[in-house]
Structure formats: C-alpha cells, structure tokens
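Subject: Model for you to look at

Hello,

Here is the structure I promised to pass on. Please open it alongside this note. My findings follow below.

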Amino acid sequence: MDLNIRIAGEAGQGIKTTGHLLVDAFASMGLWVFSTQSYMSRIRGGLNWQDVRIADYPITSSREDADLLVALTAEALATLAEEVTEGGLILYDGNEAEGAVAIPFTDTAKQRGKAIMANSVAGGAVFTVLGYPLDPLTGYLDEVFQAKGEEVVQTNRDLVHRGAELASEHAGALQAPEPAGAPRTVYDGMEATALSAAVSGVKFVCAYPMTPSTGVFTWLAQHDEQYGIVVEQAEDEIAAVNMACGATYAGVPTLVTTSGGGLALMSEGISLAGMHELPVVIYLAQRPGPATGLPTRTGQGDLLFALRTGHGEFPRAIFAPGSPRQCHELMRRALETAHRWQTPVIFMTDQYLADLSLNMEPLDGSVRPIDRCIATDAGEGYRRYEITESGVSPRAIPGGDAFVVLDSDEHDETGHITENLEIAQAMMDKRLRKIDGMIAEALPPELYRDDDGAETLLICWGSTYLPCREAVDILRMRGISAAMLHFAQVWPLDRDAVRERIGSRGRVVCVEGNAWGQLAMILREQQLLGDAELLTRYDGLPLTAAEIADRVEG
Amino acid sequence: MRRLHSESPTWCPGCGNFSILRTLDSALDEAGIDRHRLVLVSGIGQAAKLPHYTRANVFNGLHGRALPAATAIKLANHGLEVLITSGDGDMYGEGGNHFIHAIRRNIGVKCFVHNNQVYGLTKGQASPTSDCGMQTPIQTHGVMLRPFNPLAIAIVEGTPFVARSLAVDRAHLQEMMVAALKHDGGFTLLDILQPCPSFNKRNTAKWYRERVRPIGDDHDPTDMHAALDLAMTWGDEIPIGIIYRKKGRPKLEDLNPVLANVPLVEQYAG
C-alpha cells in the first residue's frame, strides 16, 4: 500500500524543512519514499507544497491527491482540501478549522522555542496519525541538530512529543504502510547529477544562475575544495558558454548549467564549441517557456531547441535521464561522449526531476576522472584538425611542445583561417563524420515490460520515465497489454535499434511534458514513427502515473 | 572549383595592424615570452586576425567574447601567458559587458585593443569610440552617441595597469607592450590608437601624430585623479603612455584556494 502526505503553505514557512525531515525519517525506517516539490515563483507568500509519498513497495511517481494534508495556512486549506482522498485527514496549523484537525504547530513551537521548530511539532503529529513510533523522527533530529548543542536537540525532541500529544485523539487514524527494508540513502536528481560531475573529473563550472538549474551549480560550488573545482559565476550566459570553450581548450573538463532562456543566449557559443571541436557539456534544466514562462514549474518544452540551437551544422549529443540514478550515470556518459568526440553535449533535465527525491542504494562517490582523450605526444608540426577517418583529430592542449590553434572561421588542418573552399568542405565532412561513431555507441531506448510484445507502447523521454513506468504497471494490473519505450539518449539516434524496439503495435502513445510532442516530431522526421497518439501535459506540473494510465485507458 | 587563398594578412595597405603585428613580435621577444606558453585570444574583426600571423597558441573565438574565453583559459592554466588582441568594436562594443566584469575579476590577462575608432571588417560603420559627428554609410547624419571612454572606465573600476599608445609610433608602442607584458598585477589594458586609412578619414595617421603627447615624468600614475584627467583628455592633445597603475589588488587566480598550489589543468588525475 502507499500513502501520500502533502505539506502546504507559504514560501518561507519551512515546507522544505518539514518535507526533508519526513523523507529522511521515513527512509531511515525502511519505507520506500518518493518526494516532489511544487512551488510558486516567489520567496514568500503564495501557495507551495511538497508531497511525500511512502509505500511498502518501490514507488516511482507522485500522486495528484493526498491522504494527509498538512495545511500551514488558511489558503492551503481552502485550495487543497478538495484534493484529499475520502477517508483522508487534514492537519491544520491553527486553533480551529472546519473539516480539519487543528493543531497550533507554530504557536506550540513559539512557546517552547522558535517558530522555525514548528516542523518538529508537525512531524510528531504526522507520525502519530500514521501510527508510527516517534524514534525514527527524534533520531533524525538528533543527528541534524547535534552540532547546535544539547539544548536545541532536547527542544526539538520535546516538540515532537508535544505534537504527538496534540494529535493523540487521532492516533493511527490513517492506515500507513509497513517498513519494507528500503535503502536509507536519499538522493534528489540535482545531487545525483552534481555528484557525478564532481567524481567524473569536472574541474571548471561556469554559469549564470537560473532556476531550476541553480541547484547543481550551488552543489558544486559548495564542494569546490573537496573535489578541486573552480566555480565562476559569469556575468551572463554568453560569458558562461565562452568560458567553457576557453577552459576546455586549456584542458579541463567543464560544465555549464542553465535553463531554456540561458541556453538561448548560449546558442552562438554552442556553435563555436562545434566548430572548435571542444567538449563543452551543458546541463539544461527545463522550465516552461516561452520567454520567462513559469520559472519554478516543470516542462519538457526545449527538446527541439536543444537539438537545433547553434547556427550551422555540427555534431552534438543529447542525454535525457529519467531518474536520479540515470542522472548519475548519464552525467558521466555526457562528459565521456563530449571528450571522445570533441563536440558539445547537452544533458537535459527539468524542475521535476532535479527536485524529486527518493531513497535508493548509495551512488558511487569514488573519484574516477574520465579520460579526456588528450594527445600527449604532440610536437612541432602538430595539426589540431588533422583529417582522420573517424573525424576525430588528436587534441593537444596549449602549454606543451605543439602550438594549438583554434579559429571560429573555417580553418585548415593547422587551425588557421582559410577561404579555400576545398579545405572548407573537407573540414565540414570531417566534423560531420563524427556522427557515425556517435551513433554506433548511442544508447538504445529502454523497453520496459515488453516480454510479451505489448499491444500498446508508451514512448517517452527524460523525466517522464518514472511516471510512465508506473503507468505501465497500473495498466497491466487493469489487464491492458502495455509497455514503455524510454529515450535516455535523444540524439543521435541509432535508427535500427529504435525501429526494432517500436516494432509493430496496435497502439503507440507518445507521452511528453510539452504541447507538440517534440520527441514524436523527431521520430517522425527520422521516419521511425507511424500513427501515434499524443498524451501531453504543459501546465507546469509533471505527469503522474495515474493520470497517464487513466488517459491511456480513456 | 573556385579557390580563394588568404593565408597571408588580409589587411589593407597602410593598415595600422601591420605595425602592431611587427611591434608585438619584437615586444614578445624583448619581454622574453616563451611562445609555447603564450595563448593569443581574439574575437572577430580585423585586429582579431592578428594571432594567425605570429607564432603562438591561438584561440580565435566569437565576436566580443575574447574576454570570457581568456578568463577561463587563465583560470584553467594560470601558468600560461594569456594575451588578447582585439579591436574597439570587439572589446568595447559587442564585448562591453565582459570588459567591465574582467576588470572586476582582475583576472591576470593582457588586453591589447587596436582602437581605430571605426568598424573595418564590416566596412566603415561607427564604433563605440568614433568621434561625434563622424559620418558613415549608417551614421549618415554623423555619430550622435558620445564616444565610450575605455581608459576612464578602466581607471574608475580599478584596473591595475592602464596605458595608451599609437600604432604608428613603433618605439613608444614597443615600450608600452613590454611594460604591459611585464606587469603582473592582474588585468592589463593597453589601448592602441590605430589609423584606418580605408574607413576612418577623420582620425588619420597624420591627425594622431599631430596630437599625441607622451606623458611626462611629472605624472604620478598611482594618482587616480591625475590619471582620470589624462584619460579624459582628447582632441587637440591626446596623452600616450602609462596613465594609471594601481598596486595591491589581488588577482582572481590568486584568491581562489583551489588554485593555491598548481594550475588547475595539472591537478587533473585522469
């Protein structure tokens, strides 16, 4: 069984703190946890919430309804009460509320300590109505507040117990899942990505802050000395991408973080990386556009833009992980691909995936720098753009015996400017030849539950992976023969591998977080997709498993 | 197939860039710069082609974007000498934002700006430093915008080395280039006034020669107000020489603890 808890209120009320408290405490009990955030674009005020879904089986998606609503404001109560399930419960931070259990979390916290400790009172109340013992909660608080001294630890412990007392009339009111031996370690998509970048050898990070990409930028800045990373906040995104070109030229693996508007400003620089043949990797965390769009919401509207951005024709790869674990694996692969093929790579995620957290087996945190594929024997007569069969020329870095010459103009093998049109064509052909090798090692899309050759195929990419997978499980429980095909690498495509996996189906449904079905457009352009339906969502919220299943069932 | 060859300088006869190129070669030798440890960085424009015609590592990037690339090259390997050769359009126009922030960073790169007060590559439009009233195919009623003053901005923002020279005065230019190359205090700006015989009929070699005045020994380059006075002097008299020196500003590469021991690129274990 599963249960969804929604903590809602204004920004600045500590929703995230309470959410983290619950997520970590539940994970420490061995429950499966899946948590997502939804918040409006302001620092204070507005209606924000965090969902913490728990289960006795691994869960991979959020839910639209909630079994337990913790409303910290009257607005949260008024707006979200109707999304509480029948038989569900509402806890309200106050003295009186119709249809809700009123517990003054904040006032209670203020009497004993500070308002900010209201999350401990709420935690105690939540654990009580779920019928869980308080030990995991107090244990977690002990760990977190240890550094702040015994008094703070004791105050929080007391407040947890006070919260439990205030909720005691409703103890065990909700049936909650039993602990199921789930891993204790919790990751969100952002942390899984940033950790991977650090241990894979990223040495330089340059960015202009832009929600929802800033988390990775921040994480790397906070671990700069630990991993030996220079972090530079650029004056704008144009500077950021040109810095990345400079740093990779000088020989250090580099990451740029941004969102759609920033990518737009980087367009010319991405083209430069293609021309210079530099391993520039861009972490693109999407939010809905156009323009400023919905800055704190989620969406998958930038796939075609990522594929086309940058003038002229040059090779690129696009990765789109679907889970925190895939974020970890594919950030490394993005860096390796960029270095092996000396060309820009875009790693696409979005607000939903960056912020979602779940428990899983620990990720590999050992430092294993990637091979930069640098030619160490270059000397006199070195040619940076030597024509080769694979299209990849030996890449030396400045400071050694060879002069390394790069030009944004078309250039000859030595890197110097040329207007010789035969050379120009040979250089274009050399660069574009790299695509063949990139296709040969491209990740094929992943098929899920297709052992029996499912009648209905759900096609998705990036962050719709987990909800889509769970939707397939739901559909199969309902007796519908469904499978999923997920693209974690969107470009370039191994067309044979894709064609074989799409196969011949009764029904194909493309599930995407955008209006046009942008992956479907790419697949059609590649002549890989025949008749297919679109199942899209583009209101700023993520698709959920239940929604996908219901809409597929019709 | 039609063939075009342009592996030798494509500048117009009489272009100030020839003089700058020859002087730079001598200055690099005089300053004892190891060419293998030198990276010339440029954007786009006639000046930005210069790196192709000398021996060095070269990063020729995008229009206006030499500074961010140069900044990152220096941060990635601060053992390299990073020298930008760029024009007034590239540095003060398209790259104006980066110019301000490179000064704020005080990154240890050398910035030689070939300032001919006109756009040469695109055939004669106004640049950010064009004098008011200059007529061009676009500014048909004469330039109406006040010229950008790179030296004054650089001084006010705390650039530790600000100098000006004249392309056609090779002895003075070499002296300034060597002083700039030997300066080790961070961002180093040398603005080089440069005649453009094809497109700037106003600020000609003769016009500059009649006006430039070497700065005398009585000038204290550490005096910001005196430096600003010189930077704001333009017209009948144009001071050339070292205008401003500010001591004691740490370089960005010296402030970052990650760069305390060896250059970043040498820390890579893969």
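One pairing to begin with. In chain A, strand β12 (residues 317-319) runs parallel to strand β13 (residues 345-350), and three bridges join the two. Within that pair, I318(A) sits opposite I346(A) of β13(A). Keep in mind that this is a predicted model.

The sheet

Both strands belong to an open sheet of seven strands in chain A. Its order is β9-β8-β10-β11-β13-β12-β19, with mixed pairing. From one strand to the next, the twist averages 20°.

Another pairing in this sheet joins strand β10 (residues 254-258) of chain A to β11(A). The two are parallel, with four bridges. Here V256(A) lies opposite I282(A) of β11(A).

Look at each face in turn. V281(A), Y283(A) and A285(A) are buried on one side of β11(A). I282(A), L284(A) and Q286(A) are buried on the other.

Two helix contacts

Start with helix α4 (residues 118-129) and helix α6 (residues 150-166) of chain A. They pack at an angle of about 45°, and their axes are 6 Å apart. The crossing of α4(A) and α6(A) is right-handed. On the α4(A) side, the contact uses S120(A), V121(A), G124(A), A125(A) and T128(A). They meet N156(A), L159(A), V160(A), G163(A) and A164(A) of α6(A). By class, that contact has five nonpolar residues, five polar and no charged ones.

Next, helix α1 (residues 15-29) and helix α5 (residues 135-145) of chain A. The angle is about 115°, and the axes lie 9 Å apart. α1(A) and α5(A) also make a right-handed crossing. From α1(A), the contact takes H20(A), L21(A), D24(A), A25(A), S28(A) and M29(A). From α5(A) come P136(A), L137(A), Y140(A) and L141(A). The contact of α1(A) with α5(A) has seven nonpolar residues, two polar and one charged.

Best wishes

Definitions and conventions:
Residues are numbered from 1 along each chain as its sequence is written. Chains are lettered from A and ligands numbered from 1 in the order in which they are written. This is a predicted model: local features need pLDDT of at least 70, side-chain atom pairs count only at pLDDT 80 or more; totals for chains, interfaces and linings use all residues. Side-chain values use heavy atoms; hydrogens and water are left out. Two strands pair if DSSP finds at least two bridges between them. Axes are lines fitted to C-alpha atoms, for helices over the stretch in contact, and angles run from 0 to 180 degrees between N-to-C directions. A crossing is left-handed if the near helix is turned anticlockwise from the far one by less than a right angle, and right-handed if clockwise. Contact means heavy atoms within 4.5 Å. Ala, Val, Leu, Ile, Met, Phe, Trp, Tyr, Cys and Pro count as nonpolar, Asp, Glu, Lys and Arg as charged, and the others, Gly among them, as polar. Buried means under 20% relative accessible area, exposed over 50%, partly exposed in between (1.4 Å probe, protein chains only).
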